[in-house]
Amino acid sequence: MTELKKKTPAPAAAGSDGSGPEPLLKVDGLVKHFPITKGILKRKVGAVQAVDGLTFDVRPGETLGVVGESGCGKSTMGRLVTRLLEPTGGKVEFQGRDITHMSAGKLRPMRRDIQMIFQDPYGSLNPRHTVGGIVGTPFRLQGVKPQDGVKAEVQRLLELVGLNPEHYNRYPHEFSGGQRQRIGIARALALKPKLVVADEPVSALDVSIQAQVVNLLDDLQDELGLTYMIIAHDLSVIRHVSDRIAVMYLGKIVELADRKSLYEAPMHPYTKALMSAVPVPDPRRRGAKSDRILLKGDVPSPISPPTGCRFHTRCWKATKICGTTEPPLLQLKTGHQVACHHPENGEDLAPGDAPLVADVITVKSTAATAPAAEADEAGTVAEEATEPEASAEAAAPEASEAPATPEESAEAAPDGDGDGESGGKASAATPSEASEDSPKE
Ligand SMILES: Nc1ncnc2c1ncn2[C@@H]1O[C@H](COP(=O)(O)OP(=O)(O)OP(=O)(O)O)[C@@H](O)[C@H]1O
C-alpha cells in the first residue's frame, strides 16, 4: 500500500492566530436553509437548516480541512463557497470581492479561480466523452487558448496527475476509480485555479488508492501553489492533509484550530468524541488504556435543531446554559477557536452551572489492544449520525437548488465543463489506517 508522504506545512498557515496574509476566501455568517414546502402552492412550512452561520477564512497556500459527521452540512458549505448554491444569508468574499449573490454571468470569469473536485469518480465524469474531451472542456468553455493548443495542454495535465498522456482518447470506463479521480483533478486544475474545494476526494476510493490520491493532492499543492479546502468525514485523512481544521456539527463550526493544536488538545467535547473513535494502529500503544467516548442517540434533525448549543442533547458536560444559550465561536487559545461553555483542555466559561441530566453518553476506558475492533466501533459512532438526512428527506424538503442530475449539476458546476458532475455520494469509508501510519507534522 502506498504510504502517505509528510506534508510540508503551508507558509501561510503559520500565523494561525489570524496574523497571516490576507485571506483568499473570507466567509462571514454563511447561512443556507433549504425550504420545506407543502401543497401545490408550495407553501413554506419549514426549512432544513443545513448551514447556519459559518465564519472562517482560508489563507493563500494553506489547506483547511472540514470534518464532521454525515449530514452536518459540509458539502452544502463547499457548494456555497464555490457558488454552486446561493447562500440564504451571510457573505462570501473571494480575493476581496463579494461573490455572495453574484450573477452567473459575473461569476463566469471567477470560475477559473475556484474549482471543485467531487467525491464520486464514477458519477462525475461523462461516460460519453473521452478523457481528452473532459479535461479540455474548461478551456473551451472559458475561451482559453493554451500556447501549444488544447491537446498538448491536456496531455501535460494528464502527465501532471500521473496518467499516461497517450490515453487521451480513452473513455472514463477504461480507467480505475483512482485514475478517474486523477482525471477529475486534472480537469479541476486545467485553468490553474487559486482555490480548490475537494468534497470527500478519496472516500469513494479503495483504501489502498486513497494514499496515492492524497499524496498527489499534496504534490500538486507544492508544485502549483494551490489553496485547498478539503471536506472529509475521515479524521485520519483530514489530519494528514490539513494545516487548519474546522469541525462541524449540525450546520455550525464548533471548533477551528491548527492541526497540531486540535489533535493534541481538542477543546470541544464533540471533537474529543470524534477523535476517540479513531483507531490508532500503534503497536507501542497496545495495552494502553484509552478513553472511548461513545455518543449515543442520533444527530438531531436540522429541521428543528436543539436550542442553545446544538450538541447539548448528546454532550456529557451539558449544563442548563447549554440548553438555552448558544455558545459563540471564541478564540480561547492562540489560533484555536471553540464554541463551548465548558471546553475541554481550557477554562470553564460557565462554572457552577447546574448539570443537565445527560444519560446519552458513555465514556469507557478500554485497552487499545485491537485496532481492527476499534475501527468497527468508530464505524458505529459514524453510523449513528446518519439520521438527519433521513429525517430531512422524510419531511420532503425542497431540493430545487441542488443539481438533481449529472447534466443539471454540470450546468451549475464551477468549471462549467459540461461533464456532468453529480457530486454524488458514495458510502462512507472507514478510517484509513494508512493515514495514521505517518500523520504529517
Ligand atoms: N438540496 C437540498 N435540499 C434539501 N435539503 C438538503 C439539500 N442538500 C442537503 N440537504 C440537507 O442538508 C443537510 C446537510 O447536508 P450535507 O450534504 O451538506 O451534509 P454533509 O455533512 O456533507 O453530509 P455527507 O457527509 O453525508 O455528505 C442534510 O440534512 C441534508 O439532508
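**Close-up views of a predicted model**

**View 1. Helix α1 and the residue that follows it.** Eight of the eight residues of helix α1 (residues 74–81) are buried, so this helix is largely enclosed by the rest of the structure. The model shown here and in the other views is a predicted one. Just after α1, the backbone at Arg 83 adopts a positive phi of about 60 degrees.

**View 2. The eight-stranded open sheet.** Eight strands form an open sheet with mixed pairing, and their order across the sheet is β6-β7-β8-β3-β9-β10-β13-β12. At its edges stand β6 (114–117) and β12 (330–333), each of which pairs on one side only. On average, and with direction ignored, neighbouring strands of this sheet are turned by 20 degrees against each other. Within the sheet, strand β3 (residues 63–67) and strand β9 (residues 244–249) are joined in the parallel sense over four bridges, and Val 67 has Val 247 as its bridge partner in β9.

**View 3. The four-stranded open sheet.** A further open sheet consists of four strands in the order β2-β1-β4-β5, and its pairing is antiparallel. The edge positions are held by β2 and β5 (97–98), each with a single partner strand, so one side of each is left without a neighbour in the sheet. Strand β1 (residues 25–38) pairs with β2 in the antiparallel sense over 12 bridges, and the partner of Leu 25 in β2 is Val 58.

**View 4. The largest nonpolar core.** The largest nonpolar core of the model comprises 91 residues, and those with the most contacts inside it are Val 135, Ala 186, Met 229, Ala 246 and Ile 253. Strand β2 (residues 43–58) supplies the largest share of this core, namely seven residues. When residues up to four places away in sequence are not counted, Ala 186 touches Val 135, Leu 157, Leu 158, Leu 160 and Val 161. In soluble globular proteins, nonpolar side chains tend to be buried together.

**View 5. The packing of helices α5 and α6.** Helix α5 (residues 177–189) packs against helix α6 (residues 207–224) at an angle of about 20 degrees, and the two axes lie 10 Å apart. Angles under 35 degrees count as roughly parallel, and α5 and α6 are therefore roughly parallel to each other. The crossing in which α5 passes α6 is right-handed. On the α5 side, the residues that meet α6 are Gly 177, Gly 178, Gln 181, Arg 182, Ile 185 and Leu 189, while α6 contributes Ile 209, Gln 212, Val 213, Leu 216, Leu 220 and Leu 224.

**View 6. Two loop residues with positive phi.** Most residues other than glycine have a negative phi. Glu 200, although not a glycine, has a positive phi of about 50 degrees, and this residue is found in the loop between β7 (195–199) and α6. A residue is buried if 20 or more other C-beta atoms lie within 10 Å of its own, and Glu 200, with 25 other C-beta atoms within 10 Å, is therefore buried. Leu 250, likewise not a glycine, has a positive phi of about 45 degrees and is found in the loop between β9 and β10 (252–258). With 27 C-beta neighbours inside 10 Å, Leu 250 also counts as buried.

How values were computed: Residues are numbered from 1 along each chain as its sequence is written. This is a predicted model: local features need pLDDT of at least 70, side-chain atom pairs count only at pLDDT 80 or more; totals for chains, interfaces and linings use all residues. Two strands pair if DSSP finds at least two bridges between them. Axes are lines fitted to C-alpha atoms, for helices over the stretch in contact, and angles run from 0 to 180 degrees between N-to-C directions. A nonpolar core is a set of buried Ala, Val, Leu, Ile, Met, Phe, Trp, Tyr and Cys residues joined through C-beta atoms within 7 Å. A residue is buried if 20 or more other C-beta atoms lie within 10 Å of its own, exposed if 12 or fewer, and partly exposed in between; C-beta atoms are placed from the backbone. Two residues are in contact if their C-beta atoms, placed from the backbone, lie within 7 Å. Angles under 35 degrees count as roughly parallel, over 145 as roughly antiparallel, 65 to 115 as roughly perpendicular and the rest as oblique. A crossing is left-handed if the near helix is turned anticlockwise from the far one by less than a right angle, and right-handed if clockwise.
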